[in-house]
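Biologist: I am new to reading models. Can we walk through one together?
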Amino acid sequence: MLIDAHCHLANLAETMSLPGLLEEASNKGIMRFLSSALRRSELGFYQNLNDPRVKFSAGIHPNFPVCDLALDDVSALCASRQIWAIGEIGLDRYNKDLDSQRRILEDQLHLADKYGLPVVLHIVGHQQLAWEVLRQYPLRYLVHGYAGSVEGFRLLARLDSWFTISSRILRADKAALFKAMLEHGRYLFETDITQYYVYPGEKNPLLRLLDVFERSVKLSGRDGAELAETQLRSYRELTGELS
């Protein structure tokens, strides 16, 4: 059983028919999806989906201009227990308004703390500041798509945190980071798929997770069953889902 720990299925569904993609992915062993909503127009998709394979989070992204969610939207989703986590939220060096980013991040961390929810993090740069803010909130964190320094990874790993392994770190220049994540032992795999990342002629981009997993097995030299069991354990610890 494989899990795509970060994707954007509502976004993808705007250009591709999702039911068939999910069915094919399930038939190939991809059985769970942690998907993120970043626009109000995406919320109805998840609310009407009624598919036990898919859990969704929602949050105010630090550097996605079309993200139109407001704190009231996120608060309402928390109160109605519709989301498994808040996110993706965080800090991004490409957004120069750091003060606003920090304020919005802390507002959402307050909500996660109030409702006892995990947080999906987007941290691009600013690892030291992120650590200083996040350590004040004893929450469960999924650090998605991290591809920064090993030193920054080790800071964030001091939290109650899990990390996603993505194609971003399956490169020679990220070998040390990949190794550190494996040694940390709290990891899942992700595609981060959206409609914007689909290749011309690609029939089912959800199947990219198989490539991420297979490349991880090859690069790590570890047994595939070990990696699959670790990501399943991580998923259960993070989400509280037991089966």
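Modeller: Start with V66, which is partly exposed, with a relative accessible area of 44%. Partly exposed lies between buried, under 20% relative accessible area, and exposed, over 50% (1.4 Å probe, protein chains only). This is a predicted model: local features need pLDDT of at least 70, side-chain atom pairs count only at pLDDT 80 or more, and totals for chains, interfaces and linings use all residues. Residues are numbered from 1 along each chain as its sequence is written, and side-chain values use heavy atoms, without hydrogens and water.

Biologist: Where does V66 lie?

Modeller: Helices (H or I, at least four residues) and strands (E, at least two) are DSSP runs, numbered from the N terminus. V66 sits in the loop between β3 (54-58) and α4 (71-79).

Biologist: And which residues of helix α8 are buried?

Modeller: First the general idea. An α-helix has 3.6 residues a turn, so residues three or four places apart point the same way. In α8 (residues 175-184), the buried ones are L177, F178, A180, M181 and L182.

Biologist: What do the buried residues of α8 pack against?

Modeller: Contact means heavy atoms within 4.5 Å. Their partners are α7 (150-156), β7 (160-165), β8 (187-189) and α9 (208-220). Just after α8, G185 has a positive phi of about 75°.

Biologist: How should I read A76, buried or partly exposed?

Modeller: A76 belongs to helix α4. A76 is partly exposed, at a relative accessible area of 45%. Now look along the chain: A76 and G90 are 14 residues apart, and their C-alpha atoms are separated by 20 Å.
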